Amino acid sequence: MLSDVVLGKEKPVEESNPEYEKLKHYIFELENHLAEAQKHAYRLVKRHRELGQSLSDFGKAAKLLSSCEGDALGKAFSELGAKSETLSIRLQKESHQLLMNFEEPLKDYVHAVQSIKATIGDRANAFRQQCELAETMKLKEINLDKLMLTRSEKVGEAEIEYKELKADSEEATRRFEIIVQRMNEEIVRFQEQKTLDMGIAFHEFAKGQARLANSIADAWRSLLPKLDACSSAQ
């Protein structure tokens, strides 16, 4: 009797390996979460750029105001404008660092996961082909045995078909084993290298944000005495 797989009554057979299933679940979930992280990392880069541009525009506007005012107020506007433009440059620089040291590594991480997903797809196809050929071989073997018992004149032709199918089946098994080995090697490289890379990326991200926050705080703090003097003079 033909199997349900050969007849197409059920979905193609898949590997029932708990460790493999666990790995697939991990990779698929990781891809989703990494894609989300990369999207928000890009938004951070964009936000830094936009804030830097806004500060630059504000700085220019403040300088224009300074030209309309004299004495302490005009000087205060000028100082405010200059400080805003300086901070704008720092934000633009930090946005570039954020792009290169954080968003780009995340993008590479996503690509690595997608490569493993593609290998998982290749593995699934190879496994199904291997199983289907093995199933077909059983049917051919049964048919050959029947022909031999009845001394049919079709025995020779059936033997040739069986040998060809056996060769295809053995090739499919080798192909599956090669893909499994390739996938295992990809996983090892991924876990060793990319985990290290992401550890560095998150460390650089935290350092960059701390550096930027301190720089902004120091810049505005240094301006306060000059603005206080202006306020006291009024």
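Visitor: Quick one to start. How does Lys207 count at 40% relative accessibility?

Guide: Lys207 counts as partly exposed. Keep in mind that this is a predicted model.

Visitor: Which residue forms a salt bridge with Lys207?

Guide: Glu204 does. The closest N and O atoms of that pair are 3.4 Å apart. Glu204 is partly exposed too, at 28% relative accessibility.

Visitor: Where do Glu204 and Lys207 sit along the helix?

Guide: Both are in helix α4, three residues apart. That spacing separates them by about one helical turn.

Visitor: OK, zooming out. How many helices and strands are there?

Guide: Four helices and zero strands. Along the sequence the pattern reads α-α-α-α.

Visitor: Is the protein spread out or compact?

Guide: Spread out. The radius of gyration is 34 Å, while the globule rule gives 17 Å for 234 residues, so the protein is more spread out than a compact globule. The box around the C-alpha atoms tells you about its dimensions: roughly 120 × 30 × 25 Å along the principal axes.

Visitor: What share of the residues is buried?

Guide: 30% of the 234 residues count as buried. The accessible surface comes to about 15100 Å². Carbon and sulfur atoms account for 55% of that surface.

Visitor: Back to charges. How many positive and negative ones are there?

Guide: There are 35 positive and 40 negative charges. Their mean positions lie 5 Å apart.

Visitor: And how many salt bridges does the count come to?

Guide: The count is 13 salt bridges. One of them pairs Glu31 with Lys117, with the closest N and O atoms 2.8 Å apart. This pair links distant parts of the chain, 86 residues apart.

Visitor: Which helices hold Glu31 and Lys117?

Guide: Glu31 is in helix α2, residues 18–66. Lys117 is in helix α3, residues 71–149.

Visitor: Is Glu31 buried or exposed? What about Lys117?

Guide: Glu31 is buried, with a relative accessible area of 16%. It falls under the 20% cut-off, so the label is buried. Lys117 is partly exposed, at 29%.

Visitor: Last stop, Arg123. Which helix is it in?

Guide: Arg123 lies in helix α3. Arg123 is buried, with a relative accessible area of 7%.

Visitor: What is Arg123 in contact with, leaving aside its neighbours within four places in sequence?

Guide: The list is Glu15, Tyr20, Phe176, Ile179, Val180 and Met183.

Key: Residues are numbered from 1 along each chain as its sequence is written. This is a predicted model: local features need pLDDT of at least 70, side-chain atom pairs count only at pLDDT 80 or more; totals for chains, interfaces and linings use all residues. Side-chain values use heavy atoms; hydrogens and water are left out. Helices (H or I, at least four residues) and strands (E, at least two) are DSSP runs, numbered from the N terminus. The radius of gyration is taken over C-alpha atoms; the globule rule is 2.2 Å times the number of residues to the power 0.38. Buried means under 20% relative accessible area, exposed over 50%, partly exposed in between (1.4 Å probe, protein chains only). Accessible areas come from the Shrake-Rupley method with a 1.4 Å probe; for residues, only the protein chains shown count as cover. Lys and Arg count as positive and Asp and Glu as negative; His and the chain ends are not counted. The place of a charge is taken as NZ of Lys, CZ of Arg, CG of Asp or CD of Glu. A salt bridge is a side-chain nitrogen of Lys or Arg within 4 Å of a carboxyl oxygen of Asp or Glu. Contact means heavy atoms within 4.5 Å.
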